[in-house]
Amino acid sequence: MPDTERYFPTYGEALAAHAAARPDQPAIRFGDRVTSYSDYDRRATQIANGLAALGVKPGDRIAYFGKNSDLAVELMLGAARAGVVFIPIIWRLAPAEVDFIMADSGAAVLFREDVFEGVTFDGPIVSMEREFAAWRDAQPDTPVAMAVGPHDALLQLYTSGTTGLPKGVVLSHHNGTHLRPLMREHGIYWYCAEPGDSVILAMPYGHIAGVGTALGAVLGGQELIVHREFDPALLIEDVERHRVKWLFLVPAAIRLLLAHPAAERADFSSVKGLTYGASPIPLELLKQGVERLGCDFAQLYGLTETFGTVVSLPPADHRAENIVDREHVMKSAGKALPGTELAILGDDLQPLPPGAVGEVAIRGDSVMLGYWNRPEENAKAMVAGGWFRTGDAGILDEAGYLHIQDRIKDMIISGGENVYPAEVESAVFGHPDIADIAIIGVPDEAWGEAVKAVIVRRPGSDLDEAGVI
């Protein structure tokens, strides 16, 4: 069976297969630094052996705190090959949040960029800039003895709910690897690029959108072009220079890309498709994107708990001739991917008929292993019949399109980032002139949603907006 259609039980096996099939093909590009598939495979083995030398055992956790880089991608695949769970931490988090995650996760080692040296951690710390490459290259490249299976944990990504307390979402290799052969079988080409195609990683590595892009590239044998963070000018430059085939962007990034002066004269002709998701997109922005880029657009809906995408609105529903006539479809999240089941549950957790509003539930092999050390949360999220409750309110129409209405979980999504009202309230409420506060999300053309604070001044105070900010 061709590599494009094979089921790889683990990501380490996918990397080995592509290294054998296309050893000299670029696997990762980061600025002027290019790593071939053979080097990528060898370094993953060295990192796996290095983790074992540090005393990290299969099933243990390691954490990464930093921005996107080729070294961070190598580290994740080395951990995967060693059976070690990889925890990328969102670099925008406040120090107290990072400290909580480090304590909760039980990470054995922290790999950290020097700019984030304020993190509290009592265990071994490896500097990505000063130590990582030398440490990696000093390790043997002899085959790794650890046996890693498809249902072993791969990632632990931290997300949060209405309480604001982060929860570690534990995902297995199989949660991610099972989908590609299904997508190939059903002709869903926008989900599974061809080997050798180039894809840009510009979304934050601590999100499933970031690590998911990196893992999807190694699963399919693509060239991953890593950007430290989203920069519309750099993205345009690299699309033209490297003839990039695929992009994933959140709606806020699409807006910034289209608004950049270079976008008017940019050559996007190499781009086969742009997938987008993580927050609502205004219909007018979507129309502009389809017209300007001239490539296939596909919306992706999913959660960290489902290894990302489980629902997609395909390119056929984005065609220019369909946008006006089928705006109700354009405003939907799309239909369930093969292997995924959707249901709308009522208050009694029983399925509702088409057209009824309830809680979106998902069943399939994409659903997480569970929340790390959160048995009560697992009991709430996973209900009878194997359904995972998403916390999103939605409607399934007669044609099977999912329409997201709101979020039952009280969170604000701004530019693809989850903002938790409890965290903002906690940060602002300590101001001596504030008597009470409520945080809400409001529509915003640039970010999808913006955070709005409704404040009650303390009697006698002259608090103003600048003072709060």
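Which strands does helix H9 lie across? Let's start there. Helix H9, residues 232-242, lies across strand S1 (26-30) and also across S9, S10 and S11. Its direction runs at about 165° to S9. One caveat before I go on: this is a predicted model.

Okay, so what sheet are we talking about? Nine strands make up an open sheet, and the order goes S2-S1-S10-S9-S11-S12-S13-S14-S15, with mixed pairing. At the edges you find strand S2 (33-36) and strand S15 (335-336); each has a single partner strand, so one side of each has no neighbour in the sheet.

Now zoom in on one pair. Strand S9, residues 198-201, and strand S11, residues 246-249, are paired in the parallel sense, over two bridges.

Next, another pair of strands. Strand S3, residues 61-65, runs parallel to S4, and five bridges join them. Tyr64 is the residue opposite Pro88 in S4. And how covered is S4, residues 85-89? Mostly: five of its five residues are buried. Here's the general idea to keep in mind: along a regular strand, side chains alternate between the two faces of the sheet. In S4, Val85, Ile87 and Ile89 point one way while Phe86 and Pro88 point the other way, and all of them are buried.

Last stop, the helices H10 and H11. H10 is residues 251-259, H11 is residues 283-293, and their axes come within 10 Å, crossing at roughly 55°. That angle is why we call H10 and H11 oblique to each other. The crossing of H10 past H11 is left-handed. On the H10 side, the contact is made by Pro251, Ile254, Arg255 and Leu258; on the H11 side, by Leu285, Gln288, Gly289, Arg292 and Leu293. By type, the residues in that contact of H10 with H11 split into five nonpolar, two polar and two charged.

Let me finish on Leu293, which sits in helix H11. Is Leu293 buried or exposed? Its relative accessible area is 6%, and the cut-off for buried is under 20%, so Leu293 is buried. Leaving out residues up to four places away in sequence, Leu293 touches Leu258, Phe268 and Leu274. And Ala266, 27 residues away in sequence, has its C-alpha 9.2 Å from that of Leu293.

Key:
Residues are numbered from 1 along each chain as its sequence is written. This is a predicted model: local features need pLDDT of at least 70, side-chain atom pairs count only at pLDDT 80 or more; totals for chains, interfaces and linings use all residues. Side-chain values use heavy atoms; hydrogens and water are left out. Axes are lines fitted to C-alpha atoms, for helices over the stretch in contact, and angles run from 0 to 180 degrees between N-to-C directions. Helices (H or I, at least four residues) and strands (E, at least two) are DSSP runs, numbered from the N terminus. Angles under 35 degrees count as roughly parallel, over 145 as roughly antiparallel, 65 to 115 as roughly perpendicular and the rest as oblique. A crossing is left-handed if the near helix is turned anticlockwise from the far one by less than a right angle, and right-handed if clockwise. Contact means heavy atoms within 4.5 Å. Ala, Val, Leu, Ile, Met, Phe, Trp, Tyr, Cys and Pro count as nonpolar, Asp, Glu, Lys and Arg as charged, and the others, Gly among them, as polar. Two strands pair if DSSP finds at least two bridges between them. Buried means under 20% relative accessible area, exposed over 50%, partly exposed in between (1.4 Å probe, protein chains only).
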